[in-house]
Amino acid sequence: MLLAERSRLALWLPVGLGIGIALYFALAREPAGGAILSLLVVAGGALAWIARAPHGLAARVLGGGTAALALGFVAAWAATHRQPPLPDLPRRATMVMGRVASVSVLPPRDGAAGDGALSVDLADARLEDPVDDGMPPLRRTLRLRLRPDDPAGLSPGMVVRVRAMLRPPMPPAWPGGPDRQRRAWFDGTAGGGYALARVQRVQAGPAPAHGTLETLREAILARILRVLPPDRAGVAAAVLTGSAAPMPQADRDAFADAGLAHLLAVAGLHLGIVMGVTMAVVRLLLACSEHASLFWPCRQVAALAGLAAGAAYVVLTGQHLPALRGLTMAALVVLALVTGRRALSMRGLAVGATLLLLTGPEDVMETPLQMSLAAVMALAAGFEAARPALRRLVLDGGWWRRGGAHVAHLALASLLAGGATVPVVMAHFGTLQPWFLLANLLAVPLMAMWILPAGLLAVLLMPLGLEAVALVPMGWGIGVVLDLARAVSGWPAARIMVPAMPGWALVAWLLGLCWACLWTRRWRWAGGPPMAVALLAPFLVTPPDLLVAADGRAVAVRDGGVLRVGPHPGADRVVEADWRQALALPIASLSSGDGRVACRDGLCRLAGGQVVLRLSGTAAPDCAGVALLVVPGGEGAGCPGVATIDGLSLWQSGAQAVYLRPDGPRVVTDRAARGARPWVMGPGQHGMPTLPLAKAE
């Protein structure tokens, strides 16, 4: 079977790299330098063994797979150790001085239109407090939310000073939850916070070239807001500037519920539309010239023009990582067109995926890369298999067959891309949108043929002051998509909450998808069973019965079909949102429990009294029959010899999850789930001090 599929073996190179990267991130401890050196020797030896002399096919597969795994592991290790450590930020109000790296408009908090609040990234930040005064600047950026009434017009390159309350990246809200500290480690951020006073300008400084782009985006946004109403302006700003901040939160939720949220994030779809429109226009203009048509390689010239337009669009919209990944793939497609090869092929995808994995191995753990690669792989494999049938549909009939072929193309593309990414959405967002196929079947053609081309024309007309000529028709198309999103989001079961998918289930889905897409013969269907198990896994895995936040401010108890939170519901909205997403349950107050949990005088009992929560008060609980005492806000004195979760254990081990079993409660901690990795902050979520350390330290 391998011999019959030998032309497809090279497609498994990025899969091997991805498995090696995933194995690195799954470790509980950081590997030693000797282990990394050994892996490099293994990889080099395997490659040399393959190239030295002809061997059997099985030996080549074994050697190539070993080399790919080792290279992926080493690439992830190298990317991790290129990053500076997370600093230890002060936990009190501090004066911060730094250089403005970027300024962005924050989305609204209250569901209305944008409130005007800004977020600023400060580079080379200095902390002016007694401990850090005179120390070197931070090697990471600080992200601060400014006061809504701050009139300071900031631009990249300025040096500013502001009094702010800082906080490190949040730890997971539950063991195995979203790891924001790992994301911050690779994003180059030190943490965040919010300004307590208005920003003071210290030095204007020479504005870098990036400042011109920020000014251009602000000018485009101002023109859009002048012509279009707020709801339509938000969508227009999202696709033309990369920021959907002016869009009301209700419309954002409608897009998410209808499965159309990808239309608001500049990525491969938008880049493909921009490049396709540019290539069509350039090809048409060249066809109008007899000399160009006869003597110029019009197809190649149009492809290069499309790539240039795509690159300009990515720069204009903020150079977000999904767009940059799409630009990498687009460059490979253009290279194929220029050299006379097939534009969309599995080999091109394998080359692009290999480049992305080697240059950014940490992205394997994040949603955008998983969704992008799964969607493109499913599209390439699906159209590869369906190409003969679609070709017959176009050639063997009249206009109605050609129209049917276009509809079939759109439906198949939505089904393949959406179906391949459903478990990824379930794993990272805890939702399922059953109506995504119908919504995308109508909305994507409108975006491709109407909205975005009109927006591009509006940008070109802005220097002449004629942008309204194109923005008004663009607003009409946006209105149709908005009505569609609002209508679909109101349908029954438009958005189904699903429990958190375990990591092994997501791995099983992606490997099963690779098996089904990368092979061509009948044994490809062996990838179906692991994919089916992955879809069922969230409903088969037992969720935790009790959750305690890392800072002890919130406790949650699973009470049937409700998640009861205390002692003060709403005290930590981010943690509660993560819990609600993980368990797919609505939030209620813990004090109103009348099912498996009963609370009285600040004491709550569950599991027949085996677990006792002390939420408030100083009264000692009755320790008879108690197997676990939870005192999230203080010390656990009161039940000698009883396992305890108190402030000290939370400070040491982070968030805790309790599973109630017949043989007693089982406690899982965040520290045990994540292990000792460079991005896991020390006890109490403390990072590396900015003070110079002694050699012994």
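Buried means under 20% relative accessible area, exposed means over 50%, and partly exposed is anything in between, using a 1.4 Å probe and protein chains only. Aspartate 124, at 42% relative accessibility, therefore counts as partly exposed. Before going on, a word on what you're looking at: this is a predicted model, where local features need pLDDT of at least 70, side-chain atom pairs count only at pLDDT 80 or more, and totals for chains, interfaces and linings use all residues. Residues are numbered from 1 along each chain as its sequence is written, and side-chain values use heavy atoms, with hydrogens and water left out.

Let's stay with the backbone for a moment. Most residues other than glycine have a negative phi, and most peptide bonds are trans. Aspartate 124 has a positive phi, near 55°, and its place is in strand β2 (residues 118-128). Strands here are DSSP runs of E with at least two residues, helices are runs of H or I with at least four, and both are numbered from the N terminus. Alanine 493 also has a positive phi, about 60°. You'll find alanine 493 in the loop between α16 (468-489) and β8 (496-497), where it is partly exposed with a relative accessible area of 46%. Then there's the peptide bond from glycine 566 to proline 567, which is cis, with omega near -5°. Proline 567 sits in the loop between β11 (562-566) and α19 (573-583).

Now for the helices, starting with α1 (residues 13-25). Its axis and that of helix α12 (residues 346-359) come within 8 Å and cross at roughly 25°, which means α1 is roughly parallel to α12. (Axes are lines fitted to C-alpha atoms, for helices over the stretch in contact, and angles run from 0 to 180 degrees between N-to-C directions; under 35 degrees counts as roughly parallel, over 145 as roughly antiparallel, 65 to 115 as roughly perpendicular and the rest as oblique.) On the α1 side, the contact (heavy atoms within 4.5 Å) includes Leu13, Leu17 and Ile21, and on the α12 side it includes Ala350, Ala353 and Leu357.

Helix α3 (residues 57-81) packs against α1 too, at an angle of about 50° with the axes 7 Å apart, so α1 is oblique to α3. Among the residues in this contact are Tyr24 and Phe25 of α1 and Phe73 and Trp77 of α3.

The structure holds eleven aromatic pairs; rings of Phe, Tyr and Trp (its six-membered ring) pair if their centres lie within 6.5 Å, with planes under 30 degrees apart counting as stacked, over 60 as edge-to-face and the rest as tilted. Tyrosine 24 and phenylalanine 25 have ring centres 5.2 Å apart and planes at 75°, so they form an edge-to-face pair. Both of these residues are buried. Phenylalanine 25 also pairs with phenylalanine 186, with centres 5.9 Å apart and planes at 70°, so this pair is edge-to-face as well. Phenylalanine 186 lies in helix α4 (residues 180-187), so its pairing with phenylalanine 25 ties together parts that are 161 residues apart in sequence. Phenylalanine 186 is buried, as is phenylalanine 25. Ring pairs link Tyr24, Phe25, Phe73, Phe186 and Trp679 into a cluster.
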